[in-house]
Amino acid sequence: MNDGRRAVVQRPQSLEPLATHYCPGCGHGTAHKLVAQAIDELDLQEIAIGCAPVGCSAIMPRYFDVDMILGPHGRAPAVATGFKRALPEKIVFCYQGDGDMAAIGTAEIIHAAARGENITCFLINNAIYGMTGGQMAPTTLIDQVTTTTPLGRVKERAGSPLRMSEILATVDEAAYVERVSVDNPKNIRKAQKAVKKAFQYQMENRGFSMVEILSPCPTGWRMSPTDSRAWLVENLMEVFPLGLLKDKWEEQAT
Amino acid sequence: MAEIVLIKGNEAAGKAAIMAGCTHYYGYPITPQNEIPEYMSLHLPEAGGTFIQAESETSSINMMFGSAAAGMRTMTSTSGPGYSLMLEGLSHFAAAELPCVLVLVSRGGPGGGSLESTQLDYFSVTKGGAHGGYRNIVLAPMDVQEFFDHTQMAFDLADKYRMVAVVLTEATLGNMAKPIEIKRVHAVPSEELPAKDWVMRGKAGKKKKLIVGGAAPGFGSFNDLNELNRHLADKYRTVALNETRYEAIEIEEADVVVVAFGITAGGVKQSLIQLNQEGYRAGMIRPITLFPFPTEIIRKTSERVKKFLVVEGNMGQMVEDVQFAVGDKAEVSFLGKAEGLISLEEIYSAIRSLCEKG
């Protein structure tokens, strides 16, 4: 529309003009937007292939306006491997929850990284199984109450939270691993940079890239959207500190 | 002059796959099929393709899911325990209607089982196996030549119907070396294969494509699961109509008709030669496709022949499909064992005593 006005903020092209089914205060909406914005800014919409998880964001193929594959729970990095090896010129990304990546899909993600697959993986870590009603996740904090740890997670019986980014940073062939958060605008801007960098690494054939995004789940945590932000900062960030965990190319450069 | 080569069954399957245009093979070591990934690891990259030794059979099948979505001819091979790990993926293949080829070289079972040659995976492979009520196309080669031919044919059938095509064979056939004729065979002529217009290539200015291992309201090709399941049922009926394959030997004059598949049928074939020379009137119906199963020819034959014998390398699986085809029109006997090959003597005696029973 050429009426002298200029869009300052708009919906990313790579998202459909739809209201999502996500709960009020959920971090998936923001995470979706970050991924879509990066796809737009890097002009990848025509060649991007997304591999969706099982969990709340299994519905994401409806919301993204890019080609998407929905396979079995936890297997997205294997599916992405098969696609990328078939058509290396496409930009292939996985979007996974913590149950998807850190529990049922640990083998797939670790070995995709071990092979140095030139794909980009996003881990949305909200320390809970959202879609099934708030059960314990591999990332659930000690003492955190969930529907399967009604008295809080007890490490003697249920173990301690797994830190996927730290684990993946130890893998030789992983090129870029960073943990970010979508709790406030400042962190969202940092997250946006990380998401874009992860895609850029794939575009430059630099190998496996992964961004972990700490994300609130007010419904699963049984708190208000506002309280969930505070809880994320006070508790989740304690166990999952933000920051760059690995940049193979920068290490090589210095 | 066709090229004749002495080759092991498993290697013949690898060679056949490459000839049939397989470009992406994913696998995990498991006996008795290791010669297939070993062959592919060397020869597929030579042919410009991709070989990955996956971290598990679960990953193999999901890597195939990605390559199939990209439109590639993709294959894996495994044995029983690995096949079990692939079931989740196979159910998703069925739901997403993606094609792939799976070579299953059976061993003993259940559980870890043994390395013996058996036919214990009949139920799991022909009835679907995983959750959700789906079907695979199943080919059952009788010898190394057919193992080579069927592997090529499986790619055509998978592509034509957008289904998983399984080549079901046994440890013995996988590890047996025989001279075979190296020739290109097709189940469907290349020019008759439907265009893969569903293949994912990135939006590229068009409407986005979704490949979904299920039906989800609001996305995917089907509005609901009823629609998807009705479509799949129609497809399976079409497959049954078009692709049922069997071999019938001497059934016109027979008093006894044997039904057997795979390497067991090879044993039956040999026994029949001797029995026919001795004047016994026995024949065989050998299902070449186990799904679709040749129900109709067995039903028709049972209108005249009153004695059937099912021989299989398990404790009785295909015998249920034969019994269903025959109904109450004939008597169905069974000879089977679940550990090692059934000897020619056992087969010969079982057929002869049925013939003599009058």
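**Entry 1. Chain B, layout**

Into which domains is chain B divided? I found domain 1 (3-188) and domain 2 (246-356), with bounds that come from an automatic or database domain assignment. I note that this is a predicted model, in which local features need pLDDT of at least 70, side-chain atom pairs count only at pLDDT 80 or more, and totals for chains, interfaces and linings use all residues. Residues are numbered from 1 along each chain as its sequence is written, while chains are lettered from A and ligands numbered from 1 in the order in which they are written.

I looked up the secondary structure and found 12 helices and 15 strands in chain B. Helices (H or I, at least four residues) and strands (E, at least two) are DSSP runs, numbered from the N terminus. For chain B the radius of gyration is 21 Å, close to the 21 Å that the globule rule gives for 358 residues, so chain B is as compact as a globular protein of that length. That radius is taken over C-alpha atoms, and the globule rule is 2.2 Å times the number of residues to the power 0.38. The C-alpha trace of chain B spans about 75 × 45 × 45 Å along its principal axes.

I checked burial next: 56% of the 358 residues in chain B are buried. A residue is buried if 20 or more other C-beta atoms lie within 10 Å of its own, exposed if 12 or fewer, and partly exposed in between, with C-beta atoms placed from the backbone. Of the contacts in chain B with a separation of 6 or more, 78% are between residues 24 or more positions apart. Two residues are in contact if their C-beta atoms, placed from the backbone, lie within 7 Å.

**Entry 2. Seven-stranded sheet**

I traced an open sheet of seven strands in chain B, in the order β3-β2-β4-β5-β7-β6-β13, with mixed pairing. Two strands pair if DSSP finds at least two bridges between them. At the edges I found β3 (50-53) and β13 (289-291) of chain B, each pairing on one side only. From one strand to the next the twist averages 20°. Axes are lines fitted to C-alpha atoms, for helices over the stretch in contact, and angles run from 0 to 180 degrees between N-to-C directions.

Inside this sheet I followed β6(B) and β7(B), which pair in the parallel sense over three bridges. Val138(B) has Val166(B) as its bridge partner in β7(B).

**Entry 3. Five-stranded sheet**

A second open sheet in chain B has five strands in the order β10-β12-β11-β14-β15, and its pairing is mixed too. Its edge strands β10 (246-249) and β15 (331-336) of chain B each have a single partner strand, so one side of each is left without a neighbour in the sheet. Neighbouring strands are turned by 20° against each other on average, direction ignored.

I counted six bridges between the parallel strands β14 (residues 307-312) and β15 of chain B. Val311(B) is bridged to Leu335(B) in β15(B). Helix α11 (residues 318-326) of chain B lies across β11 (256-259), β14 and β15 of chain B, at about 160° to β14(B). Helix α12 (residues 344-356) of chain B lies across β11, β12 (282-287), β14 and β15 of chain B, at about 170° to β14(B).

**Entry 4. Between the domains**

How far apart do the C-alpha centres of the two domains of chain B lie? I read 26 Å. In contact are 23 residues of domain 1 and 21 residues of domain 2 of chain B. On the domain 1 side, the elements giving two or more residues are α5 (122-126), β6 (137-139), β7 (164-170) and α7 (171-174) of chain B. The residues of that side divide into 11 nonpolar, eight polar and four charged. Ala, Val, Leu, Ile, Met, Phe, Trp, Tyr, Cys and Pro count as nonpolar, Asp, Glu, Lys and Arg as charged, and the others, Gly among them, as polar.

**Entry 5. Chain A against chain B**

I found 29 residues of chain A in contact with 30 residues of chain B. The largest share of the chain A side, eight residues, comes from α3(A). By class that side has 16 nonpolar, five polar and eight charged residues.
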